[in-house]
Amino acid sequence: MWKSLFIGGLSACALAAHAAPPTMQRVGTGMEVRTDQGVLTIEPVAPRVVHVRFGPAGYTGNYNPAVIAQPQKIAFEIGESTDAWTLSTAGLKVRVGRQDGNVSFQTPDGKEIVKEGGRDLSRGVVQRFYNDDHGTVLYGLGQHQNGLLDYGGNIVRLQQANRDVAVPMLVSPKGYGILWNNAAVTDVEVDIPSGPPILVRSEAGGGVDYHFMYGPGLDDVIKGYRRLTGTAPMMPRWTWGLWQSKEHYKTQDELLSVAAKYREMKVPLDAVIQDWQYWLPGQWGSHEFDKARFPDPAAMVRKLHDQNVHTIISVWARLDPDTANTKALDAMGGLYPPTYPNVYPAGKGRWYDAYNPRARDLYWRQVMRGLGTLGFDGWWLDASEAELGGWWGQMRELQTGAGPGSVVYNAYPLLHTTAVHDGMKRDQPGKRAFILTRSAYAGQQRNAAITWSGDTMGNWDVFRRQIPAGLNFMLSGIPYWSADIGGFFGGSPKDPAYAELFTRWFQFGVFNPMFRVHGTGDGKEIWQFDDATQKIMRDYIDLRYRLLPYIYSASWDVTHNDGTMMRALAFDFREDEHALHIPDQYMFGKALLVAPVVQAKARARDVYLPGKDAWYDFWSGARLAAGQVVTAKADIATIPLYVRAGSILPLGPVKQFADEKSDAPVDLVVYPGKDGAYELYDDGGDGYAYEKGEYAVVRMTWNDGARRLDIAPRQGRYDGMPARQAFAVRCGPKPGAIVKVVYDDKAASVALPHCGG
């Protein structure tokens, strides 16, 4: 081990004594430092984003399908001193030590953010990072089922697997992020007693390759990541309603009966999913229905659409050996050679090579020909890690269309979702692309993909772990995530203990980007539960639909401002040390603080109110000071929920589906105690006209001193936009008068004289 550190660790004194001194030259895109061990390149990509590479002469970086940003000319200056070279942009200073070649990242005034501590290329790729703080806090790195929000004191393995999602983006509340451009299996060690604060170790790769992003706000860090890897497009409005699913609906009649019963019961619903095994035995990957069980799938989809219910269908990257699609992909070199045993059910299958662009194109054309022409609204990409034979690590053994599997390992889901996203956008242009997928890689937000947390167990411990798993996934820069409400391997709705767990998970699901019921065994449709549980579920479905204007505007913030909908507390309260370590509270949008109940038989739970501004109990309106732990009411019908002072919260009417027309007013609920601002977004709800500017934004401001809400003239238009919008303005913590406004695109002001903080 000492030998590899001697060779690769540039900071060794003996190495410095015998090696030729490093030399620096300015290149067109940045700075290049040459040493006996390799070449270090520093290239600014934006004022607070730089690309760092180190490798042998001629090294240009690792395999990296995540980063798609086109190079831009960024103004920078190079300085020299006796001990270092510096590259400075308007927002960042990068220092390279003359003695050791290590890189230090600093604010423009010279305050250190984080620095390298030696690198090793002798076996795989190792990079160390140091900072001045003890107790390093680190987030991101995808989705992991370890129950951790802060990874301090732990090793995180980045290797795609069911329930484990590898995204090589790490984020620090100190205000920076590092996108590690290496798709090989990677371990990240955080504050291990025997090691540096951060050590990144990849099994393969030609050299060190990463992007450093400085915020200092975490929203700005994520903005830097998306500038490199792509914007998250708008999802259709129906995405944000209730989804009902099951493993699996066995017949056409069964699936249709579920949608029909929701409509009959007048319970809001927007989508149902046809999960796997709708095909004949031996025809997995044919993208064809078993006609005996699904006699007319096109008519099935039309009937759902007639009921204003959308539907997606499960498609796999796996194919049974003897289908026509398998043979066509095999003939053009688009399948991996091995035939793998199934994880479940018994059988064997082949997997297509998503790294091969020709295979991606043919795979999508097969899906479109078999299923897309039937009118499905999106795609469920199961086992997109890829699962192969279920022994996580098998990708290492393959030669792919992009190189050795050991090198490109973790990027498979990005390429697979790219095939489906790009194909759907081209061939189904009237529908916004939509993908639900079990795995992800950096950059996947650009593919209109929502990742779910995999085949989880329906128990309290697993439920508890979903919250930090989802928060870290979104801290990795990919904004859309969900979990199977109740757990995939769930219990029976008739079991009171499971009904309690399901209710708490359902409440949590209301405040996830995607609100979706799924699982094995007995159906989890609302009518499967007892009357008392149904009542609670109905109330929370109604709340979700009332929140749709808020959620849809938050989705616009994701697309337009590179925002994040489900927000770990570090996004908004980075300076609050206590908030940095709480794994089971988060912001849903920028107004709502959510504290899910994750213990059985709870009647109350402790909630920390972060920051410095006042909070309001959503249910009672009670005003509470920040910076304290409160005991919140948490009976089975209540999830603790708080609203931040200065918020303007839009609440729409309860609808049977998200795009249902309504003349009922949208409530604008003001929470005083601080000046506030809000942008209410709307568009046609589907299609890509919004990309051409066909949308509308209503900007609102709350003047706390004057106790007045000002509504600005509406900006923009779209087809079908109502000429007038009714608002009902009220003060959140006070049940007093409601001021009705008929808004016709002109400025309006509403006085709320009794709405004091």
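Q: Why is the pair of Tyr 278 and Trp 279 called edge-to-face?
A: The ring centres of Tyr 278 and Trp 279 are 4.8 Å apart, with 70° between the planes. The cut-offs are within 6.5 Å for the centres and over 60 degrees for the planes, so the pair counts as edge-to-face.

Q: Why do Tyr 278 and Trp 279 count as buried?
A: Buried means under 20% relative accessible area, exposed over 50%, and partly exposed in between (1.4 Å probe, protein chains only). Tyr 278 has 1% relative accessibility and is therefore buried. Trp 279 has a relative accessible area of 9%, so Trp 279 is buried too.

Q: What makes the pair of Phe 511 and Phe 588 edge-to-face?
A: The planes of these two rings stand at 85° and their centres are 5.7 Å apart, so the pair is edge-to-face. Phe 511 lies in the loop between helix 11 (496–510) and strand 30 (515–517), and Phe 588 lies in strand 32 (residues 586–588), so the pair ties together parts that are 77 residues apart in sequence. Both Phe 511 and Phe 588 are buried.

Q: Which residues do ring pairs link into a cluster?
A: The cluster holds Trp 276, Tyr 278, Trp 279, Trp 284, Phe 289, Phe 294, Trp 316, Tyr 344 and Phe 376.

Q: How do you know that Asp 562 and Lys 223 form a salt bridge?
A: A salt bridge is a side-chain nitrogen of Lys or Arg within 4 Å of a carboxyl oxygen of Asp or Glu. For Asp 562 and Lys 223, the closest N and O atoms are 4.0 Å apart, and the two form a salt bridge. Asp 562 is in the loop between helix 13 (548–561) and strand 31 (566–567), and Lys 223 is in helix 3, so the pair ties together parts that are 339 residues apart in sequence. At 12% relative accessible area, Asp 562 is buried, whereas Lys 223, at 32%, counts as partly exposed. The structure holds 43 salt bridges.

Q: What makes Arg 201 and Glu 189 a salt bridge?
A: Their side chains meet at 3.8 Å, N to O, and the cut-off is 4 Å. Arg 201 lies in strand 16 (residues 198–202) and Glu 189 in strand 15 (residues 186–190), so the bridge ties together parts that are twelve residues apart in sequence. Arg 201 has a relative accessible area of 32% and is partly exposed; Glu 189, at 17%, counts as buried.

Q: Why does Lys 746 count as exposed?
A: Lys 746 has 55% relative accessibility, so Lys 746 counts as exposed. Its side chain meets that of Asp 744 in a salt bridge (3.8 Å, N to O), and Asp 744 is partly exposed, at 30%.

Q: Why is Trp 240 called buried, and where is its place?
A: Trp 240 has 0% relative accessibility, so Trp 240 counts as buried. Its place is in the loop between helix 3 (218–229) and strand 18 (242–244).

Q: What rules apply to the numbering and to the values?
A: Residues are numbered from 1 along each chain as its sequence is written. In this predicted model, local features need pLDDT of at least 70, side-chain atom pairs count only at pLDDT 80 or more, and totals for chains, interfaces and linings use all residues, while side-chain values use heavy atoms, with hydrogens and water left out.

Definitions and conventions:
Helix = DSSP H or I, 4+ residues; strand = E, 2+ residues; numbered from the N terminus. Phe/Tyr/Trp six-rings, centres within 6.5 Å; stacked < 30°, edge-to-face > 60°.
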